[in-house]
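Good morning, everyone, and thank you for making time for this. Before I say anything, please take a moment to look at the sequence and the model on the screen.

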Amino acid sequence: MIVDDEALIRSGLAMILNTAPDIEVVGTCSGIEAVAEVRRHQPHVVLLDIRMPDVDGLTLLRRIRELPNAPYVAMLTTFDTDEYLDQALRLGASGFLLKDTEPDVLARSVRAVSTGAGCLSTPVLRRLGQTRRKNDHPAAAAVDTLTDRERQVLGFLGHGLSNVEIGARMHLGAATVKDYVSAVLTKLGVTNRIQAAVLAERAGLIEESEL
């Protein structure tokens, strides 16, 4: 489901995503209709504009995530400031995409969000990297508590890989990877994979890990 205040953007995104054989856009709406439409359509993933004139996207994010059987939500925006990123992640966002994301990347990102793996646009990751280089971010200290295997898993999380994809690269079963991911989230004190991915970038693990 796509929530945006501009009808042209809603229709354009819907057209792009509906060309993917495994993705169906079940509805589009403006922000003021969002909660009711999510209740009605029960989408698996919501792409949600972060800035709308009728209602704040972050407020909608919180309300949607409080619904029973809440969908995964990826924030869709032209802005890539750390302020928005941090607020959205704290409120339970599973992704952060810029509106100029390439069509094929958009579809891949929706798939990643739908699995719980989450996604961050490349420009957002770059911005996080610039922040890390300018400041000695405390994320590095948290990552130092991880074992070598856990650091490797965290690096792959930063690339948005699923448990199955991580297992294929590390020659591990999906259940074993799941245990590693759980241990990583616990040690880092985060609640989801996308928050872990942010820490991975801020600690420099995205540059260290290879796909």
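I will go through the sheet, then one of its strands, and then some salt bridges.

What you see is a predicted model, in which local features need pLDDT of at least 70 and side-chain atom pairs count only at pLDDT 80 or more, while totals for chains, interfaces and linings use all residues. Residues are numbered from 1 along each chain as its sequence is written, and side-chain values use heavy atoms, with hydrogens and water left out.

Let me begin with the sheet, which is open and is formed by six strands in the order 2-1-3-4-5-6, with parallel pairing. Its edge strands are strand 2 (28–29) and strand 6, each of which pairs on one side only. Helices (H or I, at least four residues) and strands (E, at least two) are DSSP runs, numbered from the N terminus, and two strands pair if DSSP finds at least two bridges between them.

Now to strand 5, residues 95–98, where Gly95 and Leu97 point one way and Phe96 and Leu98 the other, all of them being buried; buried means under 20% relative accessible area, exposed over 50%, and partly exposed in between, with a 1.4 Å probe and protein chains only. Strand 5 runs parallel to strand 4 (residues 72–77), and four bridges join the two, with glycine 95 as the bridge partner of alanine 74. Two bridges join strand 5 to strand 6 (residues 119–120), again in parallel, and here glycine 95 stands opposite cysteine 119.

Which residue forms a salt bridge with lysine 99? The partner is aspartate 4, with the closest N and O atoms 2.9 Å apart, where a salt bridge is a side-chain nitrogen of Lys or Arg within 4 Å of a carboxyl oxygen of Asp or Glu. Because lysine 99 lies in the loop between strand 5 and helix 5 and aspartate 4 in the loop between strand 1 (2–3) and helix 1 (7–18), the pair ties together parts that are 95 residues apart in sequence. Lysine 99 is partly exposed at 23% relative accessibility, whereas aspartate 4 is buried at 0%. A network of salt bridges links Asp4, Asp49 and Lys99.

By this rule the count comes to six salt bridges, and another of them joins arginine 40 and glutamate 37 at 3.0 Å, N to O.
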